[in-house]
Each structure stands twice: as structure tokens, then as C-alpha cells.
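Let's walk through this one together, a piece at a time.

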Amino acid sequence: MEIIKLDHITKEYDDGFVALKDINISIESGKFYSLLGPSGSGKTTILRIIAGFTEPSAGKLYFAGKDITGLDASKRHINTVFQNYALFPHLNVYENVAFGLKLKHRPDSEIRQKVKDALKTVRLDGYANREISELSGGQQQRVAIARAIINEPKVLLLDESLSALDKRLRKEMQFELRAIQKKLGITFIFVTHDQEEALAMSDEIFVLNDGTIQQSGSPVDIYDEPVNDFVARFIGDSNILSGKMIRDFEVEFAGKQFECADAGITPGEKVEVVLRPEDLDITATDPKLTMTVQSQLFLGDHFEIKAVDESGFEWLIHSTNGVKIGQEIGIFFDPEDIHVMRLGETEEEFDARLETYEGEDKE
Amino acid sequence: MRKKQSFFLLPYLLWIILFVIAPMVLIVGYSLTNSQGHFSLQNFTLFFSKGTFIGMMLNSFWYALLITFFCLLISYPAALALTRLKNQQFWLMLVILPTWINLLLKAYAFIGIFSRDGMVNQFLHLFGLGPAEIMFTDFAFIFVATYIEIPFMIMPIYNSLKEIDPALISASSDLGANFWQTFRYVIWPLSWPGVESGIQAIFIPSLSLFMLTRLIGGNRVITLGTAVEEYFLTTMNWNMGSTIGVILIVLMTIVMVLTSRKQHKKEIKL
């Protein structure tokens with residue numbers, strides 16, 4: 001069921017800066033969404049428009065089918081977990097969490113029970129009488145979530161909510177956020193610039209850049225089939241080479257021709273080819289390409305190897321085994337590991353093209 | 001190194017001893033002796049047995065309270081509005097500017113404005129009203145005192161409002177609060193430290209105002225400050241003057257303690 005719809009939303013500030021250009025998004029209830037993009041891409045502006053802190057310059061915002069474009073933030077069934085939590089420093093944990101219910105003049109006994117449940121959900125039982133200043137960053141984060149979910153919103157917005165935490169705690173909170181979302185069954189819209197975070201938690205990701213949506217889809221779709229080089233570069237590491245389409249399912253790059261899984265592109269057209277570093281295998285027998293190792297970094301769970309091929313392109317390879325610097329290595333990859341991108345192709349055109357030849361396969 | 005640091009402290013220590021501690025000791029000493037220089041509590045018994053002194057004390061309290069109240073009434077909305085303006089520095093400058101002018105000068109200016117042939121009466125005359133007797137009234141005294149003290153109330157409130165994270169206001173509204181609820185539960189409690197120092201900065205000096213009581217209040221408004229001046233300069237009874245001084249200090253301390261008291265929260269069992 002569609003719960004939130006952004007219909008041709010545009011945001012232009014007084015100084016002429018255009019933060020959002022014609023954004024169309026449909027959000028379904030009960031799913032975990034991420035708005036992913038670099039700073040200045042407009043992701044926080046979208047969140048603020050949904051929350052009601054910013055009004056769009058043009059376009060409409062629908063909540064469960066009703067137009068709420070001009071509705072005050074306090075009247076929306078949407079709550080927000082703020083970037084730096086924005087907990088009230090003069091109130092303790094109990095008072096912070098109870099804030100929303102106190103405003104509604106609910107009976108004391110009901111407030112107590114709900115605060116207790118909310119604190120239990122975020123695993124902070126027994127912290128009710130703590131002052132905010134006594135809490136660690138991770139605990140403050142949980143209080144902020146408890147405060148936001150106590151109003152039982154249909155949609156919870158999270159603005160870069162994990163970015164202030166250290167790496168280990170961030171990982172832990174990723175699991176926990178996902179668990180809380182599953183338990184409550186409400187829609188989460190999570191704003192982040194961290195692609196790992198978005199990939200790990202989301203049902204669906206919207207990748208934003210320059211105030212436009214570059215691509216939307218499941219984490220796997222976006223990772224495996226980026227629509228353009230921005231998405232390919234922003235999500236994960238990648239080797240992006242310029243190449244030429246020879247015919248359907250055959251592409252030329254690095255001076256050689258390879259079998260690939262893409263079609264529907266005019267033969268002879270200039271394209272870009274994406275190969276993920278973890279899809280490249282170092283092999284001694286029957287290599288598709290040979291290259292010379294330039295440098296190597298040990299990153300704990302894998303080695304990050306940089307190597308240059310005959311055409312001078314610098315490749316990034318992830319390998320569980322180390323190599324020697326200066327060594328000649330052979331590289332092998334499958335046709336499915338090659339992803340071909342047309343220059344300037346939009347997401348709709350990409351989806352339409354995919355339809356034409358993937359449809360054939362199924363027949 | 002330690003020695004050097006305490007050396008730098010020396011001028012200030014001397015200052016404190018000579019001009020803060022010594023006068024306090026002297027005032028307390030004078031208040032506890034009679035005109036012959038013998039120890040006696042007669043000044044205090046006199047103060048608390050005579051209705052005029054108690055009346056003066058209550059009077060001082062009452063006027064200081066009124067001045068502080070009107071200052072707060074005008075300053076809080078002004079400070080709140082200031083935080084939302086563009087060119088805040090410019091407006092702040094306008095608020096602070098009057099404090100650069102000598103107090104006496106401002107008092108005399110008001111005499112010019114409020115007197116029988118002053119601007120206010122000339123203006124009233126245009127409508128065939130007046131002349132009204134404005135000088136030497138309670139109204140004139142409180143008006144001028146409030147005018148003079150307002151910057152000292154606006155500044156601390158403005159600063160404390162400025163420190164409130166705008167995200168807290170958004171959070172409050174996000175949780176369903178309208179403007180008044182946000183004001184009551186978030187803005188007001190968070191700006192309280194500024195209000196508190198504003199009250200202290202105005203109430204305490206207002207208790208012992210004496211220049212204005214004479215120039216604007218025409219000695220009809222008698223406060224403890226006026227009484228101190230009378231005893232020291234006119235009747236030369238330093239002992240009684242000091243006694244009133246000590247009582248003023250005690251009153252001020254009580255105000256300080258009362259306004260800065262921390263509230264204790266109830267524990268909530270879940």
C-alpha cells in the first residue's frame with residue numbers, strides 16, 4: 001500500500017539554489033527505504049519536506065492519498081529521529097520519551113506504560129530517570145528513537161541518524177534499527193551518505209545527486225546494475241572503463257572483445273563498462289586480461305590490489321590472497337560480471353531496455 | 001611557575017581586599033556599633049521595630065519587583081523577536097547603545113520629556129488635553145527605571161535563546177506541539193538561565209536605586225537606597241546607614257538564592 005507520494009516536488013531557495021528538481025517518489029508502508037547521496041544532493045531536503053519543516057516550491061505531497069503539502073509538521077503522523085538526536089537537554093529520559101504523549105494530555109498510567117514499552121523496544125529499560133547528559137551517543141540515539149516511536153507514527157524518518165556513532169556501534173545499530181522496523185512494521189525512511197549503511201539495511205534505495213534521483217531499486221539491483229557512472233562510483237568500489245558495443249552480448253574494452261550479458265544497444269556505440277573489484281579473480285590459467293601489480297593494501301578481510309594493464313588502465317582488485325608488487329598477474333571474470341552502461345541513459349530508459357532482452361530469455 | 005602565577009593574581013587580590021572585603025567588614029562593623037563605637041544591636045532593633053523602616057523595605061521590594069516585572073514583560077518578547085531578525089548585530093547594537101550614555105544624562109533627558117512644558121505635555125496639548133503631572137509620580141519613576149534597565153535584561157535572555165538548538169524546536173513540533181506548547185515546554189525552560197541572570201541583574205540594583213528616586217520620583221518614592229544616602233550624607237548617622245546596607249546585602253543574597261535554586265525531579269518508577 002502506498003503511504004507517501006512525492007508528486008513533481010521541486011525546491012528552490014530564495015537565493016536561487018535549486019535543491020530538488022522534479023522529484024517523484026512512491027513510498028510503500030512497512031518497508032525500509034534509504035535516501036542515499038553525497039552532501040548537497042538534496043536527500044535531507046526531501047526528508048524535511050516529508051516531515052513538514054520545509055515547504056516545496058512546487059509539487060504535491062500525499063500521505064495515504066491525502067494532500068498534506070501545506071499541513072503543519074505537528075499534525076502529520078510522521079515522526080523524525082534527528083541527526084544529532086535533538087533530545088531536550090532540560091528533560092530526563094522519561095520526560096523526553098513521554099513528551100509527545102504529554103502534549104496530547106493522555107492519562108499518566110497510559111503514558112507510563114507506553115514509555116516503558118518504548119524504552120524496552122530500544123533496549124533501555126531502567127534508564128528512565130537518567131539525565132540526557134549522562135548517556136553515551138548510542139544510548140542517546142536509542143532515546144531519540146523511543147521518543148519518535150511513542151506517537152505510533154505510520155512513517156519514521158531518520159536523518160543521518162548513525163553518523164555520529166563510532167564504527168562498531170554503527171554496525172550494531174544498523175542491525176537494531178532493522179529489527180525495530182520489522183517489529184513495529186512501520187515505514188522507515190533513512191537518510192544517509194554511507195552506501196554500506198544503505199545497502200545493509202534497506203528494502204529499497206533512492207540514490208540522489210544534484211537534486212535528482214539517479215536510480216531507485218533494491219540494494220542488489222543498484223549494486224549490480226548501476227544506471228550511470230555516478231551510481232557506480234558512489235555505491236561500492238568499481239573499475240569503470242570506456243568501451244564500445246560490438247553487437248548484442250559482446251563488448252570491447254581494454255583493447256579486447258568480451259562476451260557480456262547486456263543487449264539492446266546500437267552496435268558501435270560508445271559505452272562505459274563497470275567491473276566490481278571483488279568480481280575479478282586472479283588466475284594463472286586462461287586469463288582474460290594480464291596486468292602488472294603496482295601496489296597492495298592489506299585490509300584485514302581482503303587485499304586491495306592496484307594493477308595496470310597493457311592499455312595503461314589502473315585496475316582495482318579485491319583478493320583474499322596477496323600478490324607481489326611488480327608481479328604479472330592474469331585476471332578472469334564471467335560475462336555476468338560485466339555491466340555495460342549507455343552514456344546519458346535515464347533509469348526509465350534503462351529499465352525499458354532491460355525489459356526487451358530479459359523478456360526474450362524467459363520465453 | 002606556581003609562584004609566578006600567584007604573583008599575577010596579586011593586583012586583583014589587593015583590589016578585593018581593599019575595595020570589597022574591607023568595606024564589607026567596615027559596614028558590618030558600623031552596623032553592630034552605636035555612635036560611641038560600642039558593640040550594640042540597637043540599630044537592628046530600631047530597624048525592625050519602627051514601621052517606617054519596614055515600610056521602606058517593603059517599598060523597595062515592591063518597586064524593584066515592578067521594575068523587574070515590566071523589564072521582563074518587554075524584554076522577553078523583544079529578545080525572542082531579535083533571534084529571528086536579519087542583521088541581528090545591528091539591532092543588538094541599538095539595544096546596547098543607550099547604556100553608553102551617562103545615567104544622569106538620561107535622567108535629565110526624561111525630566112525634559114516629562115516636565116510641565118515637556119514633549120509629552122506639548123503633544124497632549126495638541127489634542128486639547130493636559131497638562132498632566134507626570135514628573136515625580138510612581139509611573140515616571142518605574143517608567144524611567146525600566147527604560148534604563150531593559151538592555152541588561154534583553155542581553156542575557158537573547159544569549160540564552162540564541163543557544164537553543166533550532167533542531168529542538170523542530171523536534172518539539174515534530175512530536176505534535178503547537179507554538180505555545182513549544183514555548184512553554186521547550187523555549188521557556190531552556191531560556192530560564194538567561195531570565196534568571198536578567199532578574200538578578202535588575203532586581204538587585206533596583207533595590208537600592210537612589211538617584212532616580214530623587215530626580216524622577218521627586219523623593220516621593222523612598223527606598224532603602226534613598227535612606228542609605230540620607231543617613232550617610234545628611235544626618236551623618238553612619239551606623240544606621242550601614243545597618244540598612246547590611247539588610248540590603250541580606251535581601252540581595254536571598255533573591256540570588258531563590259532565583260538560582262535548582263528544582264529536584266521526582267523519580268519515576270516504571
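Where the two chains meet, 23 residues of chain A are in contact with 19 residues of chain B; two residues are in contact if their C-beta atoms, placed from the backbone, lie within 7 Å. On the chain A side, the elements that give two or more residues are β6 (78-81), α2 (93-103) and α3 (108-121). Of these, α2(A) supplies the largest share, four residues. Sorted by class, this side of chain A has 11 nonpolar, nine polar and three charged residues. Here Ala, Val, Leu, Ile, Met, Phe, Trp, Tyr, Cys and Pro count as nonpolar, Asp, Glu, Lys and Arg as charged, and the others, Gly among them, as polar.

A quick word on what you're looking at: this is a predicted model, where local features need pLDDT of at least 70 and side-chain atom pairs count only at pLDDT 80 or more, while totals for chains, interfaces and linings use all residues. Residues are numbered from 1 along each chain as its sequence is written, and chains are lettered from A and ligands numbered from 1 in the order in which they are written.

Now for chain A as a whole. Its secondary structure comes to nine helices and 20 strands; helices (H or I, at least four residues) and strands (E, at least two) are DSSP runs, numbered from the N terminus. Buried residues make up 39% of its 363 residues, where buried means that 20 or more other C-beta atoms lie within 10 Å of a residue's own, with C-beta atoms placed from the backbone (12 or fewer is exposed, in between is partly exposed).

Next, find the open sheet in chain A, with five strands in the order β13-β12-β11-β14-β20 and antiparallel pairing; strands pair if DSSP finds at least two bridges between them. β13 (256-259) and β20 (339-342) of chain A each have a single partner strand, so one side of each is left without a neighbour in the sheet. Zoom in on β14 (residues 270-275) of chain A, which pairs with β20(A) over four bridges. There, V274(A) has H339(A) as its bridge partner.

Finally, hop over to chain B. Is helix α6 (residues 119-126) of chain B buried or in the open? The number of buried residues among its eight is zero, so α6(B) lies largely in the open. Just after α6(B), G128(B) takes a positive phi of about 75°.
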